[in-house]
Amino acid sequence: MVNTYEETEVAVEKKFVKKEHDINADIEWAKINKDILRSLERPRAIFWVIFVASFALFMVGVSCEVYQYQTGLGVANLDNPHVWGLYVATFIWWIGMGHSGTLLSALLHIMHADWRKPIYRYSEAMTTFTLLTAAMFVLVHLGRIWQFYYVVAYPNERWTWPNFQSPLVWDATAIGTYLTSSLIFLYIGMIPDLAICRDNAIGFRKKIYLFLSLGWMGTDRQWANFRVTYLTLACFLMPLAVSVHSIVSTDFAASQQPGYHITSFPPYFVAGAIYSGLAVIITLFIVLRYTFRFEEYMTIPILEKLAKLTFAAAMVWTYLNLIEYASTWYGNDMYAKQALIYRATGNFAPFWWMMNFLGSVLPFALAFKKVRTNIPVMLVLSILLNFGMWLERWMIISPTLAHGIYPWTWDHDQWPSFVQWGIVAGSFGWFNMLFMLYCKIFPSISMYEVKEMLYERRSFKTKKVAEEVSNPELAVEGGLAS
Amino acid sequence: MSITNLLNNWSFYRQKRPFRGQYDLNKQYSEYKWAMALDLDICTGCNACTTACYAENNLPVVGKERYQHGYAMHWIRIERYWDENMGEFPESGTSFLPMMCQQCEEAPCETVCPVGATNHTNDGLNSQNYHRCIGSRYCSVNCPYKVRYFNFWNYPSTAWPSPLQDQLNPDLTVRTKGVMEKCTFCVQRLNEAKSRARTEYRLVKDGEVVPACVQACPTNAITFGNIVDPKSKVAKMWKNQQVDLYKDEQEKDSSMRGYRILEDLRPFPSVMYMERVRDMEA
């Protein structure tokens, strides 16, 4: 029986440490700092290409909005029974995306799934910026933007409150809460890393990081407090994330319009939100990995895990989607049935079928390992899945308003104008711009958590090897004899 | 602004379906509940009501293109339906249905407005507060009749070129872009009549005040009045047709012509229509 230390180590690796392959456990800690701080210095040229393109898109959106503000919402080509359009659809889409950032970081944090550690920071940032983008759509969509604050419950001398019965007020409150708490969660998680930045920066940037790192010294007491705060926030955020999109769905579920008035909407929306969020995390994963040279941290096994999670979310969404159709079909509600038939056969039918294909059929490609580990394919696939989810939101909003309860007001010919498309495009510019700026200014991979991850894996391995060596019987079972 | 004010009155806020207008804390029953009865048998579809409404309520004329696009601001519209199985155009019969805000007792639009710009008044009207409206258009989404009209354009700047602005009715506002508007049963006339009656220590008499559409109807197809007053013409018509304002399913005689549109959605509309009777043999 050969039983040297080296051989035991190899065997242990085979037997126990499969998850080791998520990341190379032998990266030096100093190298982690160096690699990630480099992302604040000199990214690849593609960064500037993305940034400038995003800024240009954003300016397109701004000019469309200025035009709409001056002229009235008529330029968006919305009309009287068909009063909501791409704005509301894209609003739901953006707000949905924000859910996966929190899911990934809070839920997986609580479940001790440590492969989240290299990718949670940018997902949280994504959450924050998608919420900002969604909030922008609420404003753009209003007829009188300059009075949006009427929705907020603020004290005033006229004793007027918003109407607390309205789902839109719940919406405004929920989004406000979610935005605030995700921002705090993002910031708290960033403090130890900001301290690293502070220690390495010079000039005015040192002052900024000095202020932001709140005097972090890395003492035991600080770490203990930090852990408690972070876990508490994670526990608080998880139910909040679920409730926020449920509340957004009540905008529709609580209304009387056929096609909106569906009981299963809250879980359906949450599932769709997580689905599209995971897809966008994959997209950003690939973009960041290339732009900032994060190949060593954002590894293929992590991408594969994300893809599996996306597949699961896609199946949940598909199930709930089919439930919606089935309950409408068997619900004996003439109006709802009519609206469903219109979606499948009317002039929105190509988009409706495309949405079903992209949302439910395409994810089956993720069942193949070759697809999951192929970066260009995953980039295209994640964008297509997200496009499908966007279509889903649009197919909820538009066909229903085009084909409501009252036949006289059926309005099948409405098509969004260039102003609507321009503002939708502008929102992508706005999001990308903010996100890219964030990644340039703040470390988009959590340095201290990657170190933690490596430390845990190394110590796990060392411990197991030591156990095996001291217990030869176990080693035999481990297949060393052969 | 006091939090106690909110908390004290919160429990009373829409705790039950409004009865004869809004459920009022001080006096449970309001003296007025405005309602309409509309006889489709008499209606000729002449559009006089729509025209009168445009004149009375400062509605902008939007032009042919915008009309076709769906920007028409007609608070009362004449819907034209071709009868089925009646042959091609000249022979086929038409039915007309004037459609205006149904002033629902349990209005779907009221509950969803985020800022409370649309409310139930004490006399059972569904009011619209233009100054409070922020233009979220949720009310229109939730209205089953789609009788709410949104100002997609800044009509005051184009709809009444000088000297036409002199024809505007000074009793109510001209709405700018970004607010929702709808039929009010000519609330400016109702309020004027109510204050006149109050100064004379009496209630508004039946027929003393009518909305512009009722006034303009050449065939008297529309009857308007206070349904709380059992002697009013409209209350009698509702009673004759066995239509009860507070029922969502009428137990009426099948020979009766009275019905309310989309009653099964339970908005409890205040407008009763009377079916058109057609002699199929002739």
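How many helices and strands does the secondary structure of chain B come to? Chain B has eight helices and ten strands. Helices (H or I, at least four residues) and strands (E, at least two) are DSSP runs, numbered from the N terminus.

This is a predicted model, in which local features need pLDDT of at least 70, side-chain atom pairs count only at pLDDT 80 or more, and totals for chains, interfaces and linings use all residues. Residues are numbered from 1 along each chain as its sequence is written, while chains are lettered from A and ligands numbered from 1 in the order in which they are written.

**Chain B**

Of the 282 residues of chain B, 43% count as buried. Buried means that 20 or more other C-beta atoms lie within 10 Å of the residue's own; exposed means 12 or fewer, partly exposed is in between, and C-beta atoms are placed from the backbone. Among contacts in chain B with a separation of 6 or more, 60% join residues 24 or more positions apart. Two residues are in contact if their C-beta atoms, placed from the backbone, lie within 7 Å.

Take helix H2 (residues 48–56) of chain B. Its buried residues are Cys49(B), Thr50(B), Cys53(B) and Glu56(B). They lie on the same side of H2(B), because they cover an arc of only 130° around the axis. The arc is that of the directions from the helix axis to the C-beta atoms. Their cover includes strand S2 (77–82), strand S3 (94–99), helix H7 (212–216) and strand S8 (222–226) of chain B. Asn58(B) follows H2(B) and has a positive phi, near 55°.

**Contact between the chains**

Chain B gives 36 residues to the contact and chain A gives 38 residues. On the chain B side, the elements that give two or more residues are helix H1 (3–10), helix H4 (108–112), helix H5 (138–142) and strand S6 (149–150). H5(B) has the largest share, four residues. By class, this side of chain B has 20 nonpolar, eleven polar and five charged residues. Ala, Val, Leu, Ile, Met, Phe, Trp, Tyr, Cys and Pro count as nonpolar, Asp, Glu, Lys and Arg as charged, and the others, Gly among them, as polar.

Two packed helices are described by the angle between their axes and the distance between the axes. Axes are lines fitted to C-alpha atoms, for helices over the stretch in contact, and angles run from 0 to 180 degrees between N-to-C directions.

| Helix pair | Angle | Axis distance |
|---|---|---|
| H4(A) (residues 86–110) and H8(A) (residues 220–253) | about 155° | 9 Å |
| H5(A) (residues 120–141) and H15(A) (residues 418–441) | about 150° | 10 Å |

The angle of about 155° makes H4(A) roughly antiparallel to H8(A). Angles over 145 degrees count as roughly antiparallel, under 35 as roughly parallel, 65 to 115 as roughly perpendicular and the rest as oblique. The crossing of H4(A) and H8(A) is left-handed, whereas H5(A) passes H15(A) in a right-handed crossing. A crossing is left-handed if the near helix is turned anticlockwise from the far one by less than a right angle, and right-handed if clockwise.

The residues of H4(A) that meet H8(A) include Ile92(A) and Leu103(A); among their partners in H8(A) are Leu237(A) and Met238(A). This contact has twelve nonpolar, five polar and no charged residues.

The contact of H5(A) with H15(A) includes Phe129(A) and Phe137(A) from H5(A), and Trp430(A) and Phe431(A) from H15(A). It divides into 15 nonpolar, three polar and no charged residues.

**Thr299(A)**

Thr299(A) lies in the loop between helix H9 (265–291) and helix H10 (300–330) of chain A. It counts as partly exposed, because it has 19 C-beta neighbours inside 10 Å. Leaving aside neighbours within four places in sequence, Thr299(A) is in contact with Asp22(A) and Ile23(A). Ile286(A) is 13 residues away from Thr299(A) in sequence and 9.9 Å away in space, C-alpha to C-alpha.
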